[in-house]
Amino acid sequence: MIKTLLMNIDEPDQVEIGRVRERGGYAALEKALRMEPAALIEEVKASGLRGRGGAGFPTGMKWSFVPKNSDKPTYLLCNADESEPGTFKDRKLMECDPHLLIEGMAIACYALDCHLSYIYLRGEFEFIAHTLQKALDEAYEAGILGPSVCGRDYALDIYLHLGQGAYICGEETSLIESLEGNRGYPRIKPPFPATHGFLASPTVVNNVETLCALPWIIANGSAAYAAMGTEKSKGTKLFSVSGHVAKPGVYEVEMGYPLMDFINNESGGVPNGRKLKAVIPGGSSVPVLRAEECEGVLLDYESLLKAGSMLGSGGMIVFDETVRMPEALSVIADFYAHESCGQCTPCREGTGWAAKILRNLIAGKGKRPDIDLLLKIADMMEGKTICPLADADVMPIRSFITKFRSEFEELCSN
Amino acid sequence: MPKLTINGQEIEVEPGTTIIQAAQVAGIEIPHYCYHPDLPVDGNCRMCLVEVERMPKLAISCATLATEGMVVHTNNDRVKESVRGVLEFLLVNHPVDCPVCDQAGECRLQDYYMVYGLHTSEIPLEMKVRKQKVVDLGPMVVLDQERCVLCSRCIRFFDHVTHTGEMQFFGRGDHVAIGTFENRPLDNPYSGNVVDICPVGALTSRDFRFKCRVWFLNSTDSVCGGCSTGCSMRIDHRDGTVFRLLPRRNPEVNKSWLCDEGRMSFHELAAGERVRRPMIKGRDGMQAPVVWEEAVRSVDSKLKEIRDNHGAGSILGFASPSATNEALFLFKQYMAGQVGVTRFEFRADSEDKSVTEQEDNILRRVDKHPNSMGAIKLGLVSKEFGGIEGAIESAREGKLRAGVIIYFKPLVRRPTDEEAESRVAELIRAVEYSVVLAAHKTDWLAEASVVLPVTAWSEENGSYTNYQGRVQLARRAVTPAGDMRPVWQVFALLLAVSGADISWSTAADVFESLTETEPAYRGITYDEARLPGALVADI
């Protein structure tokens, strides 16, 4: 299977620029710099690359929303605030192949006529900050970044910014607020970041994995990338698999790869002779799938949506038969209650309320009406907030309860 | 001009109007907490969600622009269910301590609960998030974090109106609370406004809290008497006592705000002993009470005697920049028209402060009188005589023999007030004959020949002309105990005694005469002087 992201991930010296260049690193950037920015955007559009942060919005189209003749500078912000439970793919890329990200960012910046770019790194990833900063320093020293990128008449600075540990800052407008030095609160849209983003200027926020896909696309051409995957989900995708699998980790597969094959082959299957119970395919915020629902499902945006879940960030969590679903849901609900920024009412009050009810339930203090109350709270929260954090809590609550209701009822006194 | 339909009603609005504003124009109220017309939109409370046809999700009406052809529903089942849900969320962790809450009776949580909620709480008390109940936020404001709906109006007020930024959110999720950094005091001169804009009982007034249940209060429209800005306000009172002053929204003057000094100015009025009966100094040099009739006849004949013996130039008309337009008008009618006085003054302050000079860039002005512009527009100043100092000088030289003086102590005090007051005392001592119309007793009042007790701001109907030349009406809220009369009535009596063939029975009658007689005020009607007030001619 072709690798577009993890081709050098197992090379221990891939963090050193000298070795990176020997392996062909930054060649795609050199090629991109010989192209017209407009042609570059067309190339990315043609590749069918979609945002890998979770929403799956076409990257080339996102870029094309940036106004061409703005009197303000354009900014590219790399969203490296990866903190969705179950998701650890960006971390792998940044830890093991930081120059791939820098190269991808430089390509994107050139295409967007952006001269100042930031990497917004999750606060808890402080250990990666050292790796990234070293790679940035090397890139400056090698003339890849700075006043003259690869000797061309194009200046680019990339700064690393460490967040302070708030999940909400992975939402692009909160990320922008946080980067501006404000409290990490999502903004009301419109206006969208493409026109009014960082410092009220045109801004593109792209996920680490999205940016890391660019060098391969430029080096091999959009047609080669678009040849992989399904009709609407092109290329390859990283999945970070955790939970009850023999080989948890980060794997790259072609879009449309069968889910059960991924669990049984790449992930090494469910260990200890236990049976598969459920799978959260795309990070804790997407609906859970029962084992029987996973049969025949393919790993791409459309197939998972059809199956009643979502591809999300590709953070796959596998549950075997020993998992008590109310407890698993309680952990997820606690996470969203803890991470709700508190700005809008339904999320602030609803996530906390739901988490408390669930804690009560698993402590054996719940009552049957609490189960329907949880579903009511989900209805009251859904679609009523500025950002999707409340919805991210709604989906597991609703899917866990409707699909495993008897387990919740067993916990209740009558 | 986009045309849209709200609940079947078609309306046309200015481009840039939001749905919530458009609904207001159509007389449809959309429930809300965080939206405020004089603050930037924040969109956090989610109460104002409405259905816009062809939009998949409900939209917040405070941040969604009205566009051509838009069809909006604010009261269908889907919207009502959403509002009910948000309200239930707001009450999940609310302490529901209405019986001991000062906001009860004017609380948006109570109001909307009665319209949209009426649900039974599904969360037991012990599951509620606890926060701090009594947080001292400085001289004006007390915070109860548990009652807060986190609408950020107070935070936005300090960020965008005063630009002082004292308040902020702390914490995350349902543990978010408002407060000041390191509990620093909230002591900027506009802090009281956040009590007004707080839609619930989180921010209460240190001055007003626990004094009176709001449903016992009567409200009277007024204009602040604290400075020349003339902010539109409302006097809340009960049984002759003023309990609090609140802003009335006037986009042309004060938007929704008041300064703290203006807000507290009624305490200054209540402080100090009042003059309650007319007094005339006898041959023994002691003042003795007389009835109004006698006082007025005595003043009229004495003034005319002095005029006849020494000429009208020997009499000074000293008006007050705190008196109403009506008072100043009849003062002028009597003094100039009947006695023939030409020498007028109204400032006791030594420097000729500009009426328009700002004390800060929000509301407060240096001139601490509500009607200096009225006195100027009525021509009650004669620059060639050198102000009050010049008058004292003339009196000492024997050129000036009598003075009719209206004196109100300023409602907002400044260190220079004592100096100004001592000049008035000096003037009284320097003339042979002095008639003083006053509301409050002062030491030097005993030296006046005649003292006439008058009502003050909040106790009479009348109008004031602010620094812009805007005429605004103030209504009588309370009636003081005693035989006081409004200044205009005193001069109406003097005019009657003097034989003027016109009479006025109300302040409104005087206003009508004023607008018929005085060029600057010509044509202004009583109705026009209501919100936002009418501008005088630039004469």
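# Tour of a two-chain model

Select B:Arg46 to start: this residue is buried, at a relative accessible area of 7%. Buried stands for under 20% relative accessible area, exposed for over 50%, and partly exposed for what lies in between, using a 1.4 Å probe and protein chains only.

Some ground rules come next. The model is predicted, so local features need pLDDT of at least 70 and side-chain atom pairs count only at pLDDT 80 or more, while totals for chains, interfaces and linings use all residues. Residues are numbered from 1 along each chain as its sequence is written, chains are lettered from A and ligands numbered from 1 in the order in which they are written, and side-chain values use heavy atoms, with hydrogens and water left out.

**Stop 1: the backbone at B:Arg46**

Stay on B:Arg46 and check its backbone. Phi is near 65 degrees, positive in a residue other than glycine. Most residues other than glycine have a negative phi, and most peptide bonds are trans. B:Arg46 lies in the loop between helix H1 (19-25) and E3 of chain B. Helices (H or I, at least four residues) and strands (E, at least two) are DSSP runs, numbered from the N terminus.

**Stop 2: strand E3 of chain B**

Move on to residues 49-52 of chain B, strand E3. Both faces are covered: B:Leu49 and B:Glu51 are buried on one side, B:Val50 and B:Val52 on the other.

Strand E4 (residues 59-60) of chain B pairs with E3(B) in the antiparallel sense, over two bridges. Pairing here requires that DSSP finds at least two bridges between two strands. Look across from B:Val50: its bridge partner in E4(B) is B:Ala59. E3(B) and E4(B) make a hairpin with six residues between them. In that turn, select B:Arg54, whose phi is positive at about 75 degrees.

Strand E5 (residues 71-73) of chain B also pairs antiparallel with E3(B), again over two bridges. Here B:Glu51 stands opposite B:His73.

**Stop 3**

Colour chain B by domain: domain 1 is 3-89, domain 2 is 129-216, and domain 3 is 279-457 + 482-508. These bounds come from an automatic or database domain assignment. Over C-alpha atoms, the centres of domain 1 and domain 3 of chain B are 55 Å apart.

Select E6, E7 and E10 of chain B. They form an open sheet in the order E6-E7-E10, with antiparallel pairing. Strands E6 (135-136) and E10 (203-205) stand at the edges with a single partner strand each, so one side of each has no neighbour in the sheet. Two bridges join E6(B) to E7 (residues 141-143). B:Asp136 stands opposite B:Val142.

**Stop 4**

Pick B:Leu118, in the loop between helix H3 (108-117) and E6 of chain B. Its phi is also positive, near 55 degrees. B:Leu118 is exposed, with a relative accessible area of 56%.

Then go to B:Pro532, in the loop between helix H14 (507-517) and strand E23 (534-535) of chain B. The peptide bond from B:Leu531 to B:Pro532 is cis, with omega near -5 degrees.

**Stop 3: chain A as a whole**

Switch to chain A, with 18 helices and 11 strands. Its radius of gyration is 22 Å, close to the 22 Å of the globule rule for 414 residues, so chain A is as compact as a globular protein of that length. The radius is taken over C-alpha atoms; the rule is 2.2 Å times the number of residues to the power 0.38. Buried residues make up 61% of the 414.

Select A:Pro191, in the loop between helix H8 (172-179) and strand E4 (203-207) of chain A. The bond from A:Pro190 to A:Pro191 is cis, with omega near 0 degrees.

**Stop 4: A:Asp379**

Find A:Asp379 in helix H16 (residues 368-381) of chain A. This residue is partly exposed, with a relative accessible area of 45%. Leaving aside neighbours within four places in sequence, A:Asp379 is in contact with A:Lys384 and A:Arg398. Contact means heavy atoms within 4.5 Å. Show the side chains: a polar contact of 2.9 Å joins A:Asp379 and A:Arg398. A polar contact is a pair of N or O atoms within 3.5 Å; within protein, one must be able to donate a hydrogen and the other to accept it, and residues adjacent in sequence count only if both atoms are side-chain atoms.

For A:Cys344, the nearest cysteine sulfur is that of A:Cys341, 6.3 Å away. For B:Cys151, the nearest is that of B:Cys198, 6.3 Å away.

How values were computed: Disulfide = S-S within 2.5 Å.
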